Structure formats: structure tokens, C-alpha cells
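Please take a look at the model below.

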Amino acid sequence: MPHVNDRARLKQYENLLSVPRDVLRAATVNGRIELDTRDAGQENFQALL
């Protein structure tokens, strides 16, 4: 897998998700967006869907 810098990855996220950059930056953990929730109740709700 080729190296991708954080700026390029953030630009890809921005294009794919159509979310403002400041929102993406707030959602990043160690340079990656965490899509899964840590809330057990939310996980159960998503499992029902």
C-alpha cells in the first residue's frame, strides 16, 4: 500500500463524504476517521437496522 499523507487522505474524505473539513478533523483519531460508535446502545440500534 503506497504512503498517503494526511492532507491527501483528508481531501479524499472530504470529497467522498461531502462533509466540511473542520468536521472531518474533529472526527479523526490518529489521522483516521473513526466511523464506528463506541456507544453500546447505538451499536445495538445499528444492528437492528
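pLDDT is the predictor's confidence in each residue, on a scale from 0 to 100. The protein chain averages a pLDDT of 82. In this chain, 98% of the residues score at least 70. This is a predicted model, in which local features need pLDDT of at least 70 and side-chain atom pairs count only at pLDDT 80 or more, while totals for chains, interfaces and linings use all residues. Residues are numbered from 1 along each chain as its sequence is written, and side-chain values use heavy atoms, with hydrogens and water left out.

**Fold.** Three helices and two strands make up the secondary structure of the protein chain. Helices (H or I, at least four residues) and strands (E, at least two) are DSSP runs, numbered from the N terminus. Their order along the sequence is α-α-β-β-α. Strand 2 has the lowest mean pLDDT of these elements, at 76. Helix 3 has the highest, at 87. The C-alpha trace spans about 35 × 25 × 15 Å along its principal axes. L48 lies in helix 3.

Of the 49 residues in the protein chain, 8% are buried. Buried means under 20% relative accessible area, exposed over 50%, and partly exposed in between (1.4 Å probe, protein chains only). The table gives values for single residues.

| Residue | Relative accessible area | Class |
|---|---|---|
| L48 | 75% | exposed |
| S18 | 64% | exposed |
| E34 | 33% | partly exposed |
| R21 | 30% | partly exposed |
| E14 | 22% | partly exposed |

**Two loop residues.** S18 sits in the loop between helix 1 and helix 2. S18 is not a glycine, yet its phi is positive, at about 55°. E34 belongs to the loop between strand 2 (32-33) and helix 3 (40-48). Leaving out residues up to four places away in sequence, E34 touches A27 and V29. Contact here means heavy atoms within 4.5 Å. E34 and L17 are 17 residues apart along the chain, and their C-alpha atoms are separated by 13 Å.

**Salt bridge.** Side chains of opposite charge can pair when their charged atoms come close. The structure holds one salt bridge, defined as a side-chain nitrogen of Lys or Arg within 4 Å of a carboxyl oxygen of Asp or Glu. The partners are E14 and R21, with their closest N and O atoms 2.7 Å apart.

**Largest pocket.** R21 is also one of the residues that line the largest pocket. On a 1 Å grid over the protein atoms alone, a pocket is an open set of points where a 1.4 Å probe fits, with protein on both sides within 12 Å along at least five of seven lines; lining residues have an atom within 4 Å of a point. The largest pocket holds about 150 Å³ of space. Grid points are joined across faces, edges and corners, and the volume is the space filled by probe spheres set on the points. The lining consists of D6, R7, R9, L10, Y13, R21, R25, T28 and G31. Helix 1 (6-17) and helix 2 (21-27) are the elements that give two or more residues to this lining. Helix 1 gives the most, with five residues. By class, the lining has five charged, two nonpolar and two polar residues. Ala, Val, Leu, Ile, Met, Phe, Trp, Tyr, Cys and Pro count as nonpolar, Asp, Glu, Lys and Arg as charged, and the others, Gly among them, as polar.
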